[in-house]
Structures are given as structure tokens and as C-alpha cells.
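I opened my notebook to look at how the parts of this chain meet. These are my entries, in the order I looked things up.

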Amino acid sequence: KPQLVASNDRFCRFLEEYCPVVTETYYPTIWCWEGRVQTLLRPFITSRPQVQYRNELIKTADGGQISLDWFDNNDSLYYPDASTRPTVLLLPGLTGTSKESYILHMIHQSETLGYRCVVFNNRGIAGEDLLTPRTYCAANTEDLEAVIHHVHSLHPSAPFMAAGVSMGGMLLLNYLGKTGRDTPLMAAAIFSAGWNVFESVESLEKPLNWLLFNYYLTTCLQSSISRHRQMLEKLFDMDLVMKARTVREFDKRFTSVMFGYRTIDDYYEDASPCRKLKSVGIPVLCLNSVDDVFSPGHAIPVETAKQNANVALVLTSCGGHIGFLEGIWPRKCTYMDRVFKQFVQAVFEHGNKIFSM
């Protein structure tokens, strides 16, 4: 059974009644239960539901642009009125976009419930041009704030919540820690967030993890900016950035410099959501597996979470990073997908029972 960590008895009872999946025994796929195997196989095993997006480019205060992919769900039977149709903002991982299988599954789950979704693609990675020499990072919440304000202004009467995966979850937590209760979001769901960036990069630099994940992730980061080289080389030594062999080297030469941090340690400290968890002011459900090499179990802030009545952690012993595969042939729904679906439905359909906490 997962470990449910929550100091608020009312929040616990709410989850047990309306999101019972968090109390059920999670049985990982027997032939790929190990965390690293789950992490590696999920993108290849899980299906990719067909989703037809409507793209929107919005301008930012600094002259940049952000690509949003909308799934309007105009055929919604439960919420035919678009002005009050519940909306879920989805934040993909570090180099992820609206095309990731886990995002497509979240949209498929939302579609069956009648909800609308919008995917926040970080700058420069969804095919759009960079208009300024700036991309994104886990600590800077300005673009997310702009997107939340924009979506809420379009549908001010619609119930509104967000879900973030991996770095998207870190960004969302850092935003919530900064804004407290001053947000139009009703609640949030966080999946496989890296709670302490120092511990995450240290785990990823162990020899086998570097071979399996770190080097590949570094090349993905480099690939995501290489298309914008002409814009970025105005400010950066791109040859040096392209020689990075770890995420830490990439962040030291590029990310921390771009966002004005004096040292990479300053950036990693600011990017670590564990430091802001006490300030979260709306109900948040966070799912992590303790065998996640991207977010090691010992770095999950269990004691800090117990100090905030708005926070609930769901910790599984297996599942890896965005894995949570279950069943003999885990093509379709994962444990993570079921947690997402039940929690989103619980918030939109029964949220009044926790918002008076």
C-alpha cells in the first residue's frame, strides 16, 4: 500500500472517500518492477491516445512568446457550457511537450469526465521560435504566472486546477509556494517532482544512472536549444554549453547564467520545491515513488509536508520516475493516471468539502 502523508484529517478523509486509489495496494508490473526499468520502459510501452489540439501563442512582458496547446472538449456532455467547463492546466517535464504520452493520457482521462485541458509548453521546445534569448527553468515562475492569468481571464467562471509532472511539478510547486492562497487555482496535483535538486543531480551522477539517464537528458537539453543557437549565442558561449556531459554542467554553463544566479548552488537552492512547501496555500496532492532516481526517497520532505494542512504526499515503494506501470501488459492506464483522474474529479465535483479546511 502507498504511504499517505497528511497532517489534515479532513483532507485525509476526503482522499479516502473521493480518491480511494491512494489507499489501494499498488501492484507494479511483475516483469519490470524495478524503478529504473519502469522509467525507461514507460515511453515505449504505454499507448499514445489521439488528441487534436488548438494552438495558441501568447506574448510575454519581455517580448517572448509561449505556446499553449488547448483541448477544448467542445463535445463535453457533462459541461456543454464552455464558460463553466472545468479546466486543467498541464505542465510537462524538463524537455517534454504536449506530445508526451503521459500528457496525452491525462487529457484522455479529462475528456471522459467532460473537462477542458490546456498544456503549457516551455519556451522554445514546441516548435515555436524564441523571440528573445531566454528559455526556462524550474525556479523562475514568471511564464507560468502569465499563463495562469491568461487562462483564468479567458474562463473566469470555470473551475480551474493544474497538474505538473517532473520539472513541471517542481515549477508548479515553486509557483504555489510563492503565491500561497493568492492564485485562481483551486488545487494541484504533482507527479514525480524532484524535491531537492542537489540530491537529484547527485543521484543522477552515479555511474549507472549517468549512463542510463543523465547523459541522455543532457543531450535532450542541448538539442532543445540548438535550434535557437543564432538567438542564444548573443549571450552564451554555445560551444561550451554543447560540450556539457551532465545536467549539472549544462545548468552551470547555461541555465543558472541565463537567470542571473551568482552560482549554480544558488540556482539549485532556489529551484528546490522542498524549501517552499510550507507556504503552499491550496490543496496539493503529490505522488512520488521512493525508488525514483530523479527524486530519491530520502530527499522527499515528509516532515515538512506534515507541517502544512494543504499538502498530502502519496509515496509508493515502486514506480520509478513517471513510471507507475501496472498489469501484465501496461499499455493503457497507469497508477499515476488513475491518481490523476480520481483527484481531478474529486476536486471539481466535491471540492467544497476540502476548501473550508
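**Across the interface**

The model is predicted, and I counted 13 residue pairs in polar contact across the interface of domain 1 and domain 2, both residues at pLDDT 80 or more.

Next I asked which elements give two or more residues to the side of domain 1 that touches domain 2. I found helix H2 (35-45) and helix H5 (167-179). H2 gives the most to that side, with three residues.

Then I sorted that side of domain 1 by class. I got 17 nonpolar, twelve polar and six charged residues.

**Salt bridges**

How many salt bridges are there between domain 1 and domain 2? I noted three. I also looked up Arg275, which forms a salt bridge with Glu269. Their closest N and O atoms are 3.1 Å apart.

**Where the domains lie**

I checked the bounds. The domain assignment gives domain 1 as 3-196 + 273-352, and domain 2 as 197-271. I read the separation of their centres, taken over C-alpha atoms, as 24 Å.

**Contact and buried area**

I looked up the contacts. In domain 1, 35 residues are in contact with 30 residues of domain 2.

I then took the area buried between domain 1 and domain 2, which is about 2600 Å². Carbon and sulfur atoms give 65% of it.

Which residues of domain 1 lose the most area to domain 2? I wrote down Pro133, Asn196 and Phe294. Together they make up 23% of what the domain 1 side buries.

How values were computed:
Residues numbered from 1 in each chain as written. Predicted model: local features only at pLDDT ≥ 70, side-chain atom pairs only at ≥ 80, totals over all residues. Heavy atoms only, no water. Domains from an automatic or database assignment. Contact = heavy atoms within 4.5 Å. Buried area = accessible area lost by both parts, 1.4 Å probe. Salt bridge = Lys/Arg side-chain N within 4 Å of Asp/Glu carboxyl O. Polar contact = N/O pair within 3.5 Å; in protein donor to acceptor, adjacent residues only side chain to side chain. Helix = DSSP H or I, 4+ residues; strand = E, 2+ residues; numbered from the N terminus. Nonpolar A, V, L, I, M, F, W, Y, C, P; charged D, E, K, R; others polar.
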